[in-house]
Amino acid sequence: MQKVHSFTVLPTLPEALKDLQTIAGNMFWCWNPEYSRIFQRIDAKLWEQTGHNPIKLLNTVSQEKLDKLAENQGFIASLSKAVDKLNTYLRSKAPYDYYRGDSDNPVIAYFSAEFGLHGSLPLYAGGLGILAGDHLKSASDLALPLVGVGLLYQKGYFRQTLNIDGLQQEKYAENEFHNMAMELVRDDSGQPLRILVEYPGRIVQAQIWRTRVGRIDLYLLDTNIDENSSADRMTTAMLYGGDIELRIRQEILLGIGGLRALHAVGIDPIVCHMNEGHAAFLSLERILRLKQQSDISFEEAVEATRAGNIFTVHTPVKAGNDEFSPEIIDKYFGDYYHRLGMSREYFLSLGRVFSDDPTETFKMPVLALRLSACSNGVSKLHGEVSRNMWSCLWPAVPVDEVPIDSITNGVHIKSWVSEELGTLYEKYFGLSWADGIADASVWEHIDEIPDEEFWRTHLHAKDHLIAFVRQRAKRQMQRQGTYHSQDHEVENLLNPEILTIGFARRFATYKRGDLLLRDPERLIKLLTDPEKPVQIIFAGKAHPRDREGKQIIQNIIRFAAEHNLQNRLVFLEDYDMSIAKVLVRAVDIWLNNPRRPLEASGTSGMKAAINGAINLSVKDGWWCEGYHPDCGWSIGADSVHEKAEYQDLADFNSLFRVLENEVVPLYYRRSHDNLPRGWIHKMKNSIKLIAPVFNTDRMVGEYAEKFYIPSVARWRRLNDNNLQAARELAQWKQKIHEYWSQVSVNDVEIHHEPKGNNGDTIEVGSRIEVSAKVDMGVLSPEDVRVQAYMGELGAWENMKKGRAFDMQPEKSGSNGQCLFTGKIRCQKAGKQGIAVRVVPYHRNLVNTAEMSLVHWEKHNTLKPVTTPS
């Protein structure tokens with residue numbers, strides 16, 4: 001085959017239009033709708049054909065149109081205003097601008113396998129990536145010194161088509177990097193900057209691309225270069241595709257290669273935030289790099305680097321947690337063991353729950369949990385589920401104290417709110433409403449919007465939605481070859497006057513996309529009621545290897561066809577961000593019915609809520625916190641049934657009771673002026689109660705205050721003075737592990753104020769005095785915390801919702817024994833229990849559970865029963 005020298009010919013931007021390249025090259029445009037209007041004015045038809053991709057638009061528009069625009073003074077004025085807005089944004093102060101100090105270098109690196117910024121950058125599969133994109137956008141708005149790191153996929157995630165029988169088919173479209181908002185990073189000589197990553201028996205090169213997201217840079221790694229073998233070029237071919245070896249190569253590239261890419265561009269982050277476990281190998285690379293720079297042991301390097309690692313876990317579903325066999329780890333990390341200065345067994349133990357089980361797989365979440373100072377779930381319930389799920393890593397620690405916190409997800413409101421509603425917000429909230437997104441007082445102004453104006457805006461969005469659905473359905477029928485026989489049906493699809501339910505998400509089985517179909521007759525009756533009908537729009541993809549998920553999609557489509565309900569039940573193919581935006585901005589009800597508690601958070605309902613849609617959802621994920629009777633409806637009970645079939649049936653019945661008895665009647669209840677004022681009131685409450693809390697400005701600010709800023713301080717404390725504090729902490733931990741077996745709790749005594757004849761009954765407010773003798777061995781009282789642990793007692797004498805109270809050392813004996821005492825004020829009625837424990841303590845520990853070492857008193861202690869006074 002002949003050698004082909006490729007090059008790209010682009011239109012020449014007239015001097016007056018040079019700023020178009022500036023605003024198109026920064027993704028800031030995608031959350032500021034006036035920029036889209038500028039690009040649309042260039043060529044409205046081409047703007048649609050390019051998928052609202054400004055770079056591709058500028059690369060393909062005719063030179064004649066550009067030359068003509070250069071003479072249009074109105075357009076030039078709009079362009080000048082747009083570039084001024086961008087420059088002002090980049091220069092202006094924001095809440096975390098102070099945290100940059102004198103350096104322009106980011107101190108926080110955010111690693112994610114996918115980023116969903118806009119449909120023109122198809123580097124995402126679903127919620128994880130869209131959350132990552134929203135994280136970057138809010139980090140930019142808040143001026144947080146953060147940088148993003150990911151992979152640049154040649155094909156991205158699959159495009160979905162549905163055949164005439166409803167069967168999902170996948171195809172992969174090639175991404176054209178020259179038509180995307182990114183630039184190749186080059187070295188001082190102008191050559192592409194590259195990093196090296198070791199794979200078995202070979203070195204692989206990756207080049208680095210940069211995308212600008214407001215104030216934030218996102219760096220993306222790409223192995224599709226001539227110097228790599230064809231197999232290695234495929235490492236970044238597609239997202240979540242291929243076999244287990246492709247997955248480990250991608251995760252090595254993301255974690256290890258991503259960190260090397262940052263160093264190559266001159267960024268040495270203090271904090272590394274892993275968005276899910278895909279990037280967990282970066283924790284090992286940080287250790288290796290520090291060992292190469294300093295005369296330091298592995299254990300000391302762990303303490304120094306762990307202080308700056310943060311891990312966010314996203315799913316309690318096993319399929320979402322990557323794990324690799326010992327053989328695969330040996331193949332890819334055999335040389336890495338020795339470079340780190342550790343044995344194979346110790347390396348594998350870092351990724352195992354049970355370190356002495358030679359057959360256990362190497363789990364990425366376990367590696368991340370072991371080597372991160374801070375970890376969190378993505379909602380309060382998910383934090384609780386994660387603590388239970390991973391409590392085996394801290395076997396002696398009460399589940400409530402397992403060191404996995406929670407920070408509930410949010411959405412980037414300016415990216416998801418409709419332009420029409422945003423205009424209403426400006427009119428009634430003020431021009432700077434978006435600067436106070438997390439301020440509840442801003443959203444109180446929603447009540448000032450007249451119901452007529454608010455409802456008119458919503459109906460306009462529904463009109464747009466239905467036109468969009470009909471256009472997509474027409475395109476789908478044309479592709480299937482059925483349009484000419486069904487063209488009349490397209491015009492009858494949906495009705496803007498009818499109550500419209502949206503259900504759009506990944507079609508995993510636990511999300512129960514076909515729950516509504518359990519009783520076909522009941523659903524048909526709901527959809528076809530002559531006075532109060534309902535219509536439903538479905539959208540979503542199943543993973544290519546998820547046969548059950550594909551079957552659910554097919555069941556929905558077949559159901560509509562078999563019962564001639566295509567005008568009431570529609571399934572939109574190829575769900576992506578553009579479809580999501582149209583749906584969440586226009587539906588009346590957003591339905592979410594996962595099998596509790598398998599939904600980590602969910603964010604689609606938040607996007608719908610800020611646009612006035614009302615959530616109807618199982619109380620799982622974020623809805624446990626977001627639900628209030630004034631702003632939405634809940635499905636089912638808070639409990640979880642052991643049998644999934646029973647839970648599905650109970651939730652189905654609850655769902656239909658709410659729909660039939662509450663949702664449908666409220667929507668169709670009209671006042672004398674034909675306005676559904678009760679419904680509008682609930683819509684406004686949905687916005688008012690949900691928007692100020694479930695947004696990424698609040699979320700990123702919470703990460704900053706709870707994790708980022710403390711982690712930077714901790715990292716600096718441990719790494720200053722030639723790593724002195726890290727060395728001391730590692731040596732102290734070694735001492736604790738060596739002598740912990742000598743520690744024991746003995747002779748616990750509990751004294752309290754008895755009531756009546758029963759010495760085990762006391763009143764609320766009574767004071768309890770606790771003392772214990774602790775055998776310390778060679779350790780000193782400064783090495784430990786002795787605590788009275790008090791909590792509610794269950795039927796089996798198990799303690800829950802416990803709280804620890806520090807006891808103070810009183811005197812030490814010559815035999816290494818020390819007396820500790822403490823006082824507790826009993827604040828709660830009911831059956832309570834007290835136990836005494838001892839845990840290691842050091843000022844540089846993140847928490848007392850960190851070492852998973854606890855000694856409890858060996859015998860039962862007194863369990864006083866309290867009664868209200």
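The side chain of Asn-719 reaches the backbone oxygen of Ala-304 at 3.1 Å, a polar contact being a pair of N or O atoms within 3.5 Å in which, within protein, one must be able to donate a hydrogen and the other to accept it, and residues adjacent in sequence count only if both atoms are side-chain atoms. This is a predicted model, in which local features need pLDDT of at least 70 and side-chain atom pairs count only at pLDDT 80 or more, while totals for chains, interfaces and linings use all residues. Residues are numbered from 1 along each chain as its sequence is written, and side-chain values use heavy atoms, with hydrogens and water left out.

**Asn-719**
- Asn-719 lies in helix 28, helices being DSSP runs of H or I with at least four residues, numbered from the N terminus.
- Asn-719 counts as buried at 15% relative accessibility, where buried means under 20% relative accessible area with a 1.4 Å probe and protein chains only.
- Leaving aside residues up to four places away in sequence, Asn-719 touches Leu-290 and Ala-304, contact meaning heavy atoms within 4.5 Å.

**Nonpolar cores**
- The largest nonpolar core has 182 residues, and Leu-17, Phe-39 and Tyr-708 are among those with the most contacts inside it; such a core is a set of buried Ala, Val, Leu, Ile, Met, Phe, Trp, Tyr and Cys residues joined through side-chain atoms within 4.5 Å.
- Helix 28 (residues 696–739) supplies the largest share of this core, 14 residues.
- A second, separate core of 100 residues includes Ala-539, Ile-556, Leu-659 and Val-663.

**Helix 2**
- Tyr-35, Ile-38, Phe-39 and Ile-42 are buried in helix 2 (residues 33–42).

Methods:
Buried < 20%, exposed > 50% of the residue type's maximum accessible area, 1.4 Å probe, protein only. Helix = DSSP H or I, 4+ residues; strand = E, 2+ residues; numbered from the N terminus.
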